[in-house]
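Trainee: I have a model open and would like to walk through it with you. Can we take it piece by piece?

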Amino acid sequence: MVRFGLLGAGRIGKLHGGNIAKAPNATLVAVADIDNKAAEALAGSTGAEARSPDDILGAGDIDAVLIGTSTDTHADYIERAVQAGKAVLCEKPVDLDSKRIEACLKVVDAAQKPLMIGFNRRFDPNFASLKKRIDAGAVGKVEMVTVISRDPGPPPVSYIERSGGLYRDMMIHDFDMARFLLGEEPVVIHAVGSVLVDPEIGKAGDVDTAMVMMRTASGKLCQISCSRRATYGYDQRIEVHGSGGMIRAGNIHETTVETATKDGFATDPVLNFFLERYMQAYRDELAAFIDAIETGKAPSPSGHDGLMAQRLADAATQSWKTGQPVAL
Ligand SMILES: NC(=O)c1ccc[n+]([C@@H]2O[C@H](COP(=O)([O-])OP(=O)(O)OC[C@H]3O[C@@H](n4cnc5c(N)ncnc54)[C@H](O)[C@@H]3O)[C@@H](O)[C@H]2O)c1
């Protein structure tokens, strides 16, 4: 039984808190948030205690800390948690600055405590199955990976201003997925971006529509297509083309009901956003973290995966700003 402390009782904290409370081999001991009311409400609904972050990090009755606080707190909390002897599952990103991530990972290495990063999409049952099949040679040698990732609508501009920009905030998940599927590191990246959804996003110094192309040392190619808006809901698709064929995973619809008339075939909308689309992925991510702690296996995705995705996001941002490809 792994005893958890949860830092952060916001959007993602509530989701993780609920999953920990329901997991058969975990118990949620305590929840902390600088917003005490939020911590108390989540603690109340999950049978945990509300404590301060310091009390959670120093607690003798907690083995693992799940960090779901705002991004700018992650690196500090990771360091403090591993130094206090806790295993850590931290939401992406570790930090918006790669140098800060490198420093944080040195502290993790010295403490020799497990750190897993919340790249939950690797645990989506469809994407995980696709990955297993390409590893088993279902389409031969992987040659091209295409990731399509579009949100139903943009977040408030106040969020975008502090997000680090689309490549670091949103495409970071897709960079991790690209690395996961390519099985090797990109060596060159070229990003383009536009403001097509909301001019206010442009005024905040960001883009809302972006594409990235990457090449690995052996010549595999990857293309990522991101938008802050999709009128038909959360659009999450992957296609891998290989020497022996093509494999793809599509969107999940609210129901499997299909209506056919003379006008064609109609289906229900796709699942609205990440909380719905990736519900099972978050559960499986937590189960993998608990399994790593119980078996002593190194957790994956690791802190190194967090760093490599961030470096791609930094390079993409640079490429977009300069209009030039960036070598990695
Ligand atoms: N993996 C995913 O799919 C996914 C999805 C959403 C968010 N996230 C990540 O999760 C993190 C939180 O995002 P969110 O949408 O839940 O934000 P949120 O604003 O809803 O929640 C963040 C919470 O952290 C609390 N907080 C801030 N600083 C704190 C501190 N120093 N100590 C304790 N609590 C503190 C805030 O009061 C707030 O309740 C972000 O890093 C985000 O990138 C990941």
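Trainee: Into which domains is the protein divided?

Mentor: The protein is divided into domain 1 (2-113) and domain 2 (122-277 + 308-327), with bounds that come from an automatic or database domain assignment. Before going on, note that this is a predicted model, in which local features need pLDDT of at least 70 and side-chain atom pairs count only at pLDDT 80 or more, while totals for chains, interfaces and linings use all residues. Residues are numbered from 1 along each chain as its sequence is written.

Trainee: How far apart are the C-alpha centres of domain 1 and domain 2?

Mentor: The C-alpha centres of the two domains lie 28 Å apart. Seven residues of domain 1 are in contact with eight residues of domain 2, where contact asks for C-beta atoms, placed from the backbone, within 7 Å. On the domain 1 side, the touching residues divide into five nonpolar, one polar and one charged; here Ala, Val, Leu, Ile, Met, Phe, Trp, Tyr, Cys and Pro count as nonpolar, Asp, Glu, Lys and Arg as charged, and the others, Gly among them, as polar.

Trainee: And the largest nonpolar core, how many residues has it?

Mentor: That core has 50 residues, and F4, V31, V65, I78 and V88 are those with the most contacts inside it. A nonpolar core is a set of buried Ala, Val, Leu, Ile, Met, Phe, Trp, Tyr and Cys residues joined through C-beta atoms within 7 Å. A residue is buried if 20 or more other C-beta atoms lie within 10 Å of its own, exposed if 12 or fewer, and partly exposed in between, with C-beta atoms placed from the backbone. Strand 2 (residues 26-32) gives the largest share of this core, six residues; helices (H or I, at least four residues) and strands (E, at least two) are DSSP runs, numbered from the N terminus.

Trainee: New topic: at what angle do helix 4 and helix 5 pack?

Mentor: Helix 4 (residues 74-83) and helix 5 (residues 98-111) pack at about 10°, with their axes 9 Å apart. Axes are lines fitted to C-alpha atoms, for helices over the stretch in contact, and angles run from 0 to 180 degrees between N-to-C directions. The two helices are therefore roughly parallel to each other, a label for angles under 35 degrees, whereas angles over 145 count as roughly antiparallel, 65 to 115 as roughly perpendicular and the rest as oblique.

Trainee: Which residues meet there, in helix 4 and in helix 5?

Mentor: From helix 4, A75, I78, E79, V82 and Q83 meet R100, I101, C104, V107, V108 and A111 of helix 5. By class, this contact has eight nonpolar, one polar and two charged residues.

Trainee: What about A87, buried or exposed?

Mentor: A87, which lies in strand 5 (residues 87-91), counts as buried, with 22 C-beta neighbours inside 10 Å. Not counting residues up to four places away in sequence, A87 touches D63, A64, K113, P114 and I293.

Trainee: And where is T146 placed?

Mentor: T146 is in strand 7 (residues 142-150) and is partly exposed, with 18 other C-beta atoms within 10 Å. T146 and I224 are 78 residues apart along the chain, yet their C-alpha atoms are separated by 5.9 Å.

Trainee: Which residues does a cis peptide bond join near omega -15°?

Mentor: That cis bond joins K92 and P93, with omega about -15°, and P93 is found in the loop between strand 5 and helix 5. The peptide bond from S300 to P301 is also cis, with omega near 5°, and P301 is in the loop between helix 12 (279-295) and helix 13 (303-322).

Trainee: Last one: what is the phi of Q112?

Mentor: Q112 has a positive phi of about 55° although it is not a glycine. Q112 lies in the loop between helix 5 and strand 6 (115-118) and counts as exposed, with 8 C-beta neighbours inside 10 Å.

How values were computed
Two residues are in contact if their C-beta atoms, placed from the backbone, lie within 7 Å.
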